[in-house]
Amino acid sequence: MIQEVQSRERQAGCQKYPSSDEKVRLRAAVELARSEVADPALFMAMAIKHRSAPRTEVVKKNQMAHRFRFDFPVVIKPLDGRPMQKAETQAEFRKITAALKSVGYQVQPFLQGYTFLKVRVEAGNIEPNLPQHISGAARRLVTLLVVQGVRDFTLTMATNKVTTYVIGARLN
């Protein structure tokens, strides 16, 4: 009888039988990771940190000043889910971004010659039958997100069959 009680005490703190405090902490970590994937600005910051994204500068909501270091053309991606827009000149850039200051946006160089595709990750596995250069580029970021607890999402990727970038994500 005493041995059963002692074994239950040992099991209460292990990974198979986590205590209630550990369950709450794990659930909070998963929700934090899910919010990071759901928020485009946080996701791009993570992708840039892990060198999976193209050169990107994020302008947060109501940010007063911003200076970017890209040649034209550039792509402007609003953080509220509106479609991307391409700016060829500084005047076009100012016109497009004037309306986006209240929501925030990303600025990236225009990826000419790149193919854009969606890569689904279900139950922590990248969809099968992808070319090697795409699955290899996505693997590091997918592994990171799956370890954090996000298992079902879709990555938006750009590739020219030499270089592959992750440019966005969406929860399924």
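Because the model is predicted, local features need pLDDT of at least 70 and side-chain atom pairs count only at pLDDT 80 or more, while totals for chains, interfaces and linings use all residues. Residues are numbered from 1 along each chain as its sequence is written, and side-chain values use heavy atoms, with hydrogens and water left out.

**Helix pair**

Select residues 20-38, helix α2, together with residues 40-49, helix α3, whose axes lie 5 Å apart at an angle of about 95 degrees. Helices here are DSSP runs of H or I with at least four residues, strands are runs of E with at least two, and both are numbered from the N terminus; axes are lines fitted to C-alpha atoms, for helices over the stretch in contact, and angles run from 0 to 180 degrees between N-to-C directions. The two helices, α2 and α3, are therefore roughly perpendicular, a term for angles of 65 to 115 degrees. Next, show Ser35, Glu36, Val37 and Ala38 of α2, which meet Pro40, Leu42, Phe43 and Met46 of α3, contact being heavy atoms within 4.5 Å.

**Four-stranded sheet**

Moving on, display the open sheet of four strands, whose order is β1-β4-β2-β3 with antiparallel pairing; two strands pair if DSSP finds at least two bridges between them. Strands β1 (57-59) and β3 (85-87) stand at the edges with a single partner each, so one side of each has no neighbour in the sheet.

**Hairpin**

Now select β7 (residues 153-159) and β8 (residues 164-171), which pair in the antiparallel sense over seven bridges. Met157 has Val166 of β8 as its bridge partner, and in the four residues between the strands, Lys161 takes a positive phi near 70 degrees.

**Largest pocket**

Finish at the largest pocket, which holds about 320 Å³ of space and is lined by 22 residues, with Lys77, Lys118, Thr156, Gly168 and Ala169 nearest its centre. A pocket is an open set of points on a 1 Å grid over the protein atoms alone, where a 1.4 Å probe fits, with protein on both sides within 12 Å along at least five of seven lines, and lining residues have an atom within 4 Å of a point. Strand β8 gives the largest share of this lining, four residues.

Terms used:
Angles under 35 degrees count as roughly parallel, over 145 as roughly antiparallel, 65 to 115 as roughly perpendicular and the rest as oblique. Grid points are joined across faces, edges and corners, and a volume is the space filled by probe spheres set on the points.
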